Each structure stands twice: as C-alpha cells, then as structure tokens.
Amino acid sequence: MAGEGPRANGFGSDNMYKKPLAIDPNLIRPAPSSASPSADSDNEHKSEQNQPSTGMAQPLVNNPYEIFGNMPLDQLIPLILQSRGTGTKFADLTEESLMEEIIKDDVPLSQAQRDADGDLDMDVSQFANEPGQQTPEPQQIEGPARADEDAALSQEKFRQLKASTVQSLNLAVNESSLALEFVSLLLSSVRPSAANASMSPFLKKTVPQASLNAEKIPFQTPSSAEVLDRSLIAKGWKQRSLEESRTLLKDSYQALEKSLKKEHSYWSKVSHNISKKDVVFRIKDRETGEKSLGIKYGYEDSGSTYTQERGIAVLKHNSKLDRLELVPADRQQANALGKDNNEKFVRVRIFTKIEEEDDYILTGESRLDELLIPNQAAGEEFDFRRQISRLKFFIFEKDLMYQLKRESENLISYGVSIENENKITIEFSTEKLELETMPVNDDVIMNHQQDAPKTDDRKATLVLIMLRMLLVVIYKKQLRKKLLCPQTSMGASVKSPKTHKAVGKLQDNEVLLLRPIIGKFKHESYVNLLKKIIKGFVLDVVEDSSVRKVSGSSHPVTIKNEAVYDNHIAKLDKEIHLFDKILEMPRSDLLVELPKSGTILFVLQSSNYCNATTGVKYTNGEGEILFDTSFSNFKELEDFLHFIVSEYVAGGQENGVKDE
Amino acid sequence: MSNRGLLEQLERTTETLSHSLSNLIKYSSVAKERDDEDDGEQHELPESTAKNSTSGLMMVNAQTGQLIKGIQDLLVMTRSIREKWLLTQIPDEGVDSQPELDYEKCSQLLKQWTQEVVGSEE
C-alpha cells in the first residue's frame, strides 16, 4: 500500500492539502484491539475522514504517516478496507473514485481547515519534513520505466516488490534520521548551535534541548609506576625473546659445529683416501635418501661386460667409528632380499690321479689372496683402500667365474663340466682341475692357512693367475674395440674387423680363459703321445734316426703396420700382444730325421685348442714330398707311420744298404 | 654451479649475514638509555616502541633465524665446492699414468709360466 498511500497523499498535496489523510490514523489502534471491525465503523468513517484533522489529530504525539509508512502491506490494506467499510474491495479503489470522494468531501474540509488552522499547518510542516512521504515521488517516476516488465511480472508481484523496496528505503531513512536525532540531541548539550541545525523540528518541539547528556572521559596519563610496570613487562618479554634467540643460536651453532666437524673429517678422509684414479660421482643413498658420493669399483669402464652387479658403492662416513665406509649399492638390495655374504673368491685345486686306484688326491690348491686374510695391523687409511680393493677383487672374481661358466658350456666334450653353480671341473688324463667359488668365511681361511703345502700349490696358483690375466686381456680387447669403433661396440654380436692374426679366426669378444690353458695341457699330453708314437714306430725301428723339435714358422706375431692410433690404443695393443703366446693355438713341429731316407715332419696343432690334428709330411731322401696328410686320430697315425716306415724308410734303408 | 655463480652466492650470503647480524644487534637493545630520558619522549619515538613491542621480538626471532640459515647456506656451499673439487679431478696424463710396462720382462714371465705349468720347454 505504500504506493497507494503516498499516491493518495501526493494527490492530496496537489490539492493544497485539503485532505491530507487518506485514512484515519486512529484506526491503527482500534484495528488490532477490536475483536472484529464492526459494521458500524462504516458510519463512523464518513465523519472520521474529516475529524482526524480537526480534533483527533491532537492526541497523536508521533507522526501518524510514519506509522502508516512503516506498516507492512498486509496490515495496511485491511486498515484501508476497514476505513472504507466492509464489502469494499481493494481492487475497486481507483484514482478516479478517490478523486470523486475528495471532491465530495471538499466543503467540510475547508471548514475544518479554518477551524484548526494550526494543526493543519503542523501537519503540512511535518509532511514536508517527513522523508517517508518524499521518497515515493521518484518512485512514481520510475513507475513507467518498469512498465515494460509488467508484461512479464504479474501486476501483483510488481506491486509487492515495489512495496518492499519502498519499505526498506523508508526503514533505512527512518533509522538514519533517528540516529541523527540522537546524536544531535546528545550534541545539543555541548554545542547547541551545531545540534540545532541538524535536529528535526519535531524533536525540537517534543524534547527539550540538552536533555540528553553523557560524561566525558578524560585521557589519563599513566602514572610513573604504571610506566615502569609496562616497561618492565616489555623488557621482560624482550629479555625472554633474546634468551630464546640466544639458545637458538647456541643450539644451531653446536649442531652446525658438529656437522661441520663430521663434514671436515669426512672430506679430509676423502681427500686422503681417494685418488684421482677413482671414479667418483654423485649418488643418492637409497637407504637414507641423502645425497651422497659414490665410487665405482666395477670394471665396466675397463671393458668388463659383467652386468650382474652394478659395481658401485656409496661412500659413507661412519661417525661412530669415524671412518669412511663403502656400501655397495647392490649389497643394500641383497640385504633387503635376505641374501648376504656376497664375497666369494675363485679357488683352483689340482687333483692327481692315482693310477692303480682310479681315484684322485688333492695335490695342489691356489694360494689365498692376501686381501682375504683379515689384517688387523692395517692402519685406518689402509683400511679404506683395502675396502675398495676387496670390492674390486670380489666383483672381479664373480666376473671371472661368470665368464668361466660361459666358456665351459661349450667344452663339455673336452672333459669340462659344470658341477654346480659354483664349481667347474676339468679332467685330464692324469689330473683333474677344479675351479670353485668359495664364500669367504673364517673356516675356509683357517683351513687354508693350516693346510700343509702341497706339491702342486704353485701350479694351481699360476693357473689362477693366468685365468685372471686372461680375463684382463678380454677386458682390454673389449676396450680396444670400444675405442676403435665406439658405435658398434654396444652390440656384442657385431664382428670386429680388427681381429688379430695370431688369434686367427676367433673374435675379439670371445671368451678365452680356459681353452688356452686346457689347450696347453692337452697339447703337452698330445706331444708326449706323439713322441711316444714316433719313438715306437720310427725311432725304435729306424736306426740312427732322431727327432727334434723345430720352431714353427707360421707365427706372424709381429705387429703389422697398422694405422696409427692414439697412445692408449697402441698401448692396449702392445699389452694384448704380450699374451699372443698364451692365446695362440698350440702347435708343435717335430722333425724326424731319417738317415739317408729323408725326413718326416709332424705338425701337431689344434683348431679349437682342445682337439688335435697331426699333419704328417714325408720327404724322401731326394727331397720329394711323398706324403702330406693329416690325422685327427692317433690310431690312424700309428698305422700310417707303420706303413711309411715299413714301405719307404725301412725299405729304402734296406735298399740303401743293398746299394752299399 | 659455475665459479661466478658461487662467488655471487657467497656475496649474497655474506651480505645477508652481516645485515641480519647488525639488525639483530639493533633490535636486541633493551633501550636503557631511553628509559633514562623522559617517558613521554619514548612514546613519540616509534623506533623505541617498536623495539619493545611484539614486532621487535619477532624481528629478533626472524633475524636469528636468518643468521642461522645464512651460516647453513655457507656450509652447503662449502660442501658443493668440495664436491666440485672431487668430481672434477682428472688424472694427470704424465704423473698418474701407470709406469710403462717392461714388455720384455712380461713376455719372459709368461714364458716362465708356460714352463712351470705345462712343464714344456719352448
């Protein structure tokens, strides 16, 4: 209704305030109190519409318009309806009908105006002062602007919205004006002129000036005791904070000094123990997650192809014992998996066959590396280098065994058998070689130290040393290959173009550990056998005949004019060539000289180190080559020799004798 | 990190260190001499109130922390310098390389090996 009321009032103002009140403000009270608006109120209304401005307005101290303005719509509309009598509908109220009513009431109102002039004046002034009455005007302007929305919004809804907006505005204005009044009143006792300007006339009238008062609280300067107290507290706080900062500094100093000491000793040890040749790199410690330094002890960079162990260790500082420790990265994992004692070494044992019993007895055992023997006397610095050496030693031994097993796989027809994961045996005619990896433990070492020296100990040790050296040769070949053709070195299957002539058709990457040694042994026994055969079939038969060893001519050991590489490769080449003698296929040339009947040249050689072929070349007294053939079977050789000797030599000799 | 970078970092760290140390000293005074003066004057000096206020305490704390952190940074730096030193070591060609092998002797030894092990005389 807030729209309706003001509209009525606005209309009233247009008509010189002849009828300022659309409804009787007095109705506000009777309406809620009366149980039911009686029908006789209809009669009252006719008179009441005029009366309030005359007499009834008097008892109202407050502004009735304010009350109307503040009233919610659902209260105000019943009031209007009540004032207009029962049976009227709010929807029936139109501007025109209201106009007509006002014109009808025009005459009595003019009388009333004359009668109660002052009251009316007051109303007018209040009217002008009343903000609630002024605000609707802009809203009326807004009205047409919103008209478009009416199509979408229902009329009722629009009205409701408008009403609630206006109501909120009114409320706000009222609140602020109330606050203004309160402040003005409060101020009026101290600054009357300033307060007067902002007080509403209504307030001025109803409430005497300076009737509201408040006490002024002066700013108290703190007493010296208080100041002292405060500064004491402040100082106390300060002291405490300084104390905290002191302990903080002290603690962190101590912690840092400790770590500095640790760091210092770590680094001094590092600089002391690690030489420029060690491969050091950054690594993350898997156990603690700290950044740490690692050392490479594996031989990967030296040409090893062993990949079962990474060959790197974390360099750790043991603060308890104040020394450096190496923890292999693989061992951490191994420990996690529950396997330990990764330390194994290769032992070579020689067993000699006892002829009559067909059994073997142990006649030789390789010497223990001194690294394996605990060394208490060693100093601390030595200790660390020793750790590195041990790690290097063990990974090398593992590599060795790995390669030995690889090689042995193909040698089964030559008496080489892999007994188990850790053991390889090689049988010869009179002895047996046993290569075994042994875990390092006290028993093994003790037993070994207590054992009496045996006849073949030195031989076993030499074999072991040679095996190791041959592995190094393999490394070197690998390295050389990498240097020469880095792009193809990755694939092991790629054939190196630079196979050395002495090694013949064997590839550089072929494992050559056992075969050269086995070949040497076998060849030796073949030579003995051959000699025996020669003795039995030639020397014993032909008088004055002799056998002598001649050096084979077909060994191109000299390094041919290869392309000039850099020093490293040249050095590698030299070092590899040193072993040509060991690695070459065994070959023995035996020349049997038969007086007057020429010579027989036996060439004992092998195509794969282990087998034996015997070439026989018989040249008669006239220099003619009568036979040049070869045998891989000694039985056939015997027969052939028998044939030659009986047919040519013996016959020839006889002929010769006859000739004489 | 390059040498230059390290130097710059060192510069920065020392700068912060000296800065925080001087700040710490500044804020750590309990302002005795000011107390001797007029009390009213103390209120007008925002600096001195700051010194006695919580912000002053916080400053002390922060500067202490900064001091410690600066020193830790220095330690980390020394560590990285040491690592750098260790990791960039390259064996000298001349001094550290293995002594030249006596090839003659080696081949002699190998021959000897053959003799001893195989028992044959070449």
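Which helix is the place of B:R79? B:R79 sits in helix α5 of chain B.

## About the model

This is a predicted model: local features need pLDDT of at least 70, side-chain atom pairs count only at pLDDT 80 or more, and totals for chains, interfaces and linings use all residues. Residues are numbered from 1 along each chain as its sequence is written, chains are lettered from A and ligands numbered from 1 in the order in which they are written, and side-chain values use heavy atoms, with hydrogens and water left out.

## Chain B

Chain B has seven helices and zero strands. Helices (H or I, at least four residues) and strands (E, at least two) are DSSP runs, numbered from the N terminus. Along the sequence, the pattern is α-α-α-α-α-α-α.

Chain B has 122 residues, and 26% of them count as buried. Buried means under 20% relative accessible area, exposed over 50%, and partly exposed in between (1.4 Å probe, protein chains only). Take the contacts in chain B with a separation of 6 or more: residues 24 or more positions apart account for 68% of them. Contact means heavy atoms within 4.5 Å.

## Where the chains meet

Axes are lines fitted to C-alpha atoms, for helices over the stretch in contact, and angles run from 0 to 180 degrees between N-to-C directions.

Leaving aside neighbours within four places in sequence, B:R79 is in contact with A:E263, A:Y266, A:W267, A:K291 and A:S292.

## A four-stranded sheet

Chain A holds an open sheet of four strands in the order β1-β2-β3-β4, with antiparallel pairing. Two strands pair if DSSP finds at least two bridges between them. β1 (279–284) and β4 (323–328) stand at the edges with a single partner strand each, so one side of each is left without a neighbour in the sheet. The twist averages 40° from one strand to the next.

Strand β3(A), residues 312–318, pairs with β4(A) in the antiparallel sense over six bridges. A:N318 has A:R323 in β4(A) as its bridge partner. Helix α16(A) lies across β2 (291–296), β3 and β4 of chain A, and runs at about 135° to β3(A).

## A five-stranded sheet

A further open sheet in chain A has five strands in the order β10-β11-β12-β13-β14, with antiparallel pairing. Its edges are β10 (546–550) and β14 (625–631), each with a single partner strand. The twist averages 15° from one strand to the next.

Five bridges join β10(A) to β11(A), residues 587–594, and the two run antiparallel. A:R548 stands opposite A:L591 in β11(A). Helix α21(A), residues 514–539, packs on the sheet and touches β10, β11, β12 (598–605) and β13 (613–619) of chain A. The direction of α21(A) makes about 10° with that of β11(A).
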